[in-house]
Amino acid sequence: LEAFKQLLGALPTDTGMAFVLVQQLGRSHESILADLLAKGSRLPVSEVRGDTAVEPDHVYVTPGRNDVAIEGEVLKLVPRVTTGGRHLPIDSFLRTLAEARGSRAVGVILSGTGSDGTLGARAIKAEGGIVFAQDLESAPHDGMPRSAIASGCVDFVLPPPRIAQALSRLSRHPYVFTPPRRERVDEPAPSSPKDT
């Protein structure tokens with residue numbers, strides 16, 4: 001929770017990026033993370049409750065009872081996935097992110113136990129995306145960032161506030177940023193020979 005708060009607290013409100021916070025919860029646990037983060041965030045924070053269109057400069061929190069996938073520009077609730085008896089919601093989401101966004105996918109592995117996130121980081125790197133990990137000194141639980149770093153798939157290892165600064169800079173880089181489509185002005189149709 002503290003890493004999420006630090007990251008969100010340091011983010012500007014105009015990156016043009018959407019942020020999806022994937023948490024590891026038991027199936028029966030109700031999440032209060034969205035409520036906790038909304039109190040201190042300058043960005044709108046909401047829990048994903050069904051098909052949700054992704055909007056820039058919004059924070060989406062995954063629920064405990066489902067995993068979340070991204071298809072195109074829509075977050076979708078999907079049944080919980082287990083691999084070898086282990087629930088790996090971060091790997092599950094990051095794989096769909098890599099597929100949906102390709103080389104524009106950006107993953108961040110924060111404090112946590114185990115190795116969840118490492119396979120997702122590999123998927124993002126396979127598509128040419130960028131992966132951040134929290135530095136081990138600032139992570140109260142360094143299992144997840146340590147595993148991701150050891151995989152060789154992490155581009156930047158930083159404390160959460162510096163990750164936020166890097167994301168802000170990255171959001172303006174052509175590598176990730178896609179300017180809004182310009183409205184096309186309808187030109188008159190060419191006249192046919194009959195019209196002359």
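**Helix packing and an aromatic pair in a predicted model**

Good morning, everyone. I will begin with the chain as a whole: of the contacts in the protein chain between residues at least 6 apart in sequence, 64% join residues that are at least 24 apart, where contact means heavy atoms within 4.5 Å. Please keep in mind that this is a predicted model, in which local features need pLDDT of at least 70 and side-chain atom pairs count only at pLDDT 80 or more, while totals for chains, interfaces and linings use all residues. Residues are numbered from 1 along each chain as its sequence is written, and side-chain values use heavy atoms, with hydrogens and water left out.

The protein chain has six helices and 11 strands, both taken as DSSP runs numbered from the N terminus, with helices being H or I of at least four residues and strands being E of at least two. Of its 196 residues, 41% are buried, and here buried means under 20% relative accessible area, exposed means over 50%, and partly exposed is what lies in between, for a 1.4 Å probe and protein chains only.

Let us turn to the helices. Helix α3, residues 89-101, packs against α4 at an angle of about 5°, with the axes 7 Å apart; the axes are lines fitted to C-alpha atoms, for helices over the stretch in contact, and the angles run from 0 to 180 degrees between N-to-C directions. The two helices α3 and α4 are therefore roughly parallel to each other, since angles under 35 degrees count as roughly parallel, over 145 as roughly antiparallel, 65 to 115 as roughly perpendicular and the rest as oblique. On the α3 side the contact includes Asp 91, Leu 94 and Arg 95, and on the α4 side it includes Thr 118, Gly 120 and Ala 121. By class, the residues of this contact of α3 with α4 are seven nonpolar, two polar and two charged, where Ala, Val, Leu, Ile, Met, Phe, Trp, Tyr, Cys and Pro count as nonpolar, Asp, Glu, Lys and Arg as charged, and the others, Gly among them, as polar.

Where does Ala 121 sit? Its place is in helix α4, residues 118-126, and Ala 121 is buried, with a relative accessible area of 0%. Leaving aside residues up to four places away in sequence, Ala 121 touches Leu 94, Val 131 and Cys 153. The C-alpha atoms of Ala 121 and Leu 94 are separated by 6.9 Å, although these residues are 27 apart along the chain.

A second pair of helices is α1, residues 2-10, and α6, residues 160-171, whose axes come within 8 Å and cross at roughly 40°. Helices α1 and α6 are therefore oblique to each other. Among the residues making the contact are Leu 7 of α1 and Ile 163 of α6, and by class the contact of α1 with α6 has eight nonpolar, one polar and no charged residues.

Finally, a search of the whole structure finds one aromatic pair. Phe 132 and Phe 156 are stacked, at 5.1 Å centre to centre with 25° between the planes; rings of Phe, Tyr and Trp (its six-membered ring) pair if their centres lie within 6.5 Å, and planes under 30 degrees apart count as stacked, over 60 as edge-to-face and the rest as tilted. Phe 132 lies in strand β10, residues 130-134, and Phe 156 in strand β11, residues 156-158, so the pair ties together parts that are 24 residues apart in sequence. Phe 132 is buried, at 1% relative accessible area, whereas Phe 156 is partly exposed, at 41%.
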